[in-house]
Amino acid sequence: MRFDVYSPLVLSLLLSAAGPVIARRVAPALAARVLTSAAVLTAVATAWSLVLLAAALLGDVPPVIREAREDGHPVADPVPGVIGFAACLALVVIALRVRRAVRAEFRTRRALRRLCAGHPADTELIVAASATPRAFAIPGRPGRILVTSAMLSALRPAERRVLLAHERAHLAHRHGPLVTAATLAAAADPLLGPVRTAVGFLVERWADEQAAAAVGDRRTTARALARAALTAGGAGPCALHFTDRAVTRRVAALQTSPPPRLWPVALAVLLLGTLAALLAADATSDLVRQLSGVLS
Amino acid sequence: MAGTGSRGRAERRSAGALESEVLAALWATERPLTPAEIQAGIDGALAYNTVHTILKRLYDKGLVLRDADGRRGAYRPAKNAAELTAEAMHEALDRGPDPIAALQQFVTGLRPEEERALRELLAGGGA
């Protein structure tokens, strides 16, 4: 209990440090999956550890202590009161953050549903007659691809095919739910923020690799990305939210061979997540023993 | 360069995917296109008959208009739904916080030096 209960916090930091490195070295499909799984496990373990720390305050409740003294049990207080209160506070913050993330998710879905209105249900591509160059996948059943007319006219035929294949890969491999899971994990455990960013980058890389395989040409895929980015860049500085050199890194990645799967690294990441869960479980049994020892 | 495959037909495209490509080709230009022009404007060999079949399907769905601008046999995309979608998109974009910015966009913003590097990439190697 003394150490286990704090370990998910340490593991969150480790995972966040490892995430960006793994994002560059490991095949994106594998890396995105293991990082998301580990992030979800770690976030749940972290939240649960905070619940345990807060629950340990019960040991300080006067009736419990009085009863324990009457029974002649010494009360071994595993958690200082200050930490218990801090844990309560952290839990409230987490609840608020998760609520905000879930609401944002629903808001996005509502907005996306409205974009599909008026288009036949069995059509994959939805074009928006807009001068703003944009392209994104709309998850759902069936998933749709939204591209603006400005983006379509900026690209050459082979590059349009890359764009469509890229967005199709997002839908086929369910990148929407994957990113949502990573987002919620980072909302529950702010230490996992870098992992969420890494997963966001990895699903783009994953879709790039799929598109390159679909058109059978990495060079054309890189050029499609470059042209789309330059077109969108000209639309104004705040038209697109900024991520750290993501497009340049994706273009660079397409100019070399696809990264290897590196199973040992993937397993190590999964182990981090599993370890967080196991240690949290161990801390739980410790606390239960301690409290029941006091209460019995 | 390692891993740069030859320009090949790596995957058979489904009917839905072909439909998207024809529609994208029509939207990419201002003027109406004949099936032969569309065939030329699509990456990869596609039989004329296939293009024709896809156009008929798009026409039946109301996504394209035929004999556009007095050009017999030429097609152009129908604008109504696309304009409504654009309106809804801009509404969503203007109303902060941007619910669409949260999505995975095909591309994101660029720094000036990144822009230069990408321009060089496109300038090099022709095509």
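Colleague: What makes residues 6-23 of chain A a "transmembrane region"?

Modeller: That name comes from an unreviewed UniProt entry, which also gives it to 35-59, 79-98 and 262-281 of chain A. Positions are in the numbering used here, feature names are shortened, and such annotations may be inferred rather than shown by experiment. The model is predicted: local features need pLDDT of at least 70, side-chain atom pairs count only at pLDDT 80 or more, and totals for chains, interfaces and linings use all residues. Residues are numbered from 1 along each chain as its sequence is written, chains are lettered from A and ligands numbered from 1 in the order written, and side-chain values use heavy atoms, without hydrogens and water.

Colleague: How much of residues 6-23 and of residues 262-281 of chain A is helix?

Modeller: Residues 6-23 are 94% helix and 0% strand, with end C-alpha atoms 27 Å apart. For 262-281 of chain A the values are 95%, 0% and 29 Å. Helices here are DSSP runs of H or I, at least four residues; strands are E, at least two.

Colleague: Why is E21(B) with R161(A) called a salt bridge?

Modeller: The rule wants a side-chain nitrogen of Lys or Arg within 4 Å of a carboxyl oxygen of Asp or Glu. The closest N and O atoms of E21(B) and R161(A) are 3.9 Å apart, so the pair qualifies. Chains B and A share three salt bridges.

Colleague: Which helix of chain B gives the most to the side that touches chain A?

Modeller: α4(B), with 11 residues.
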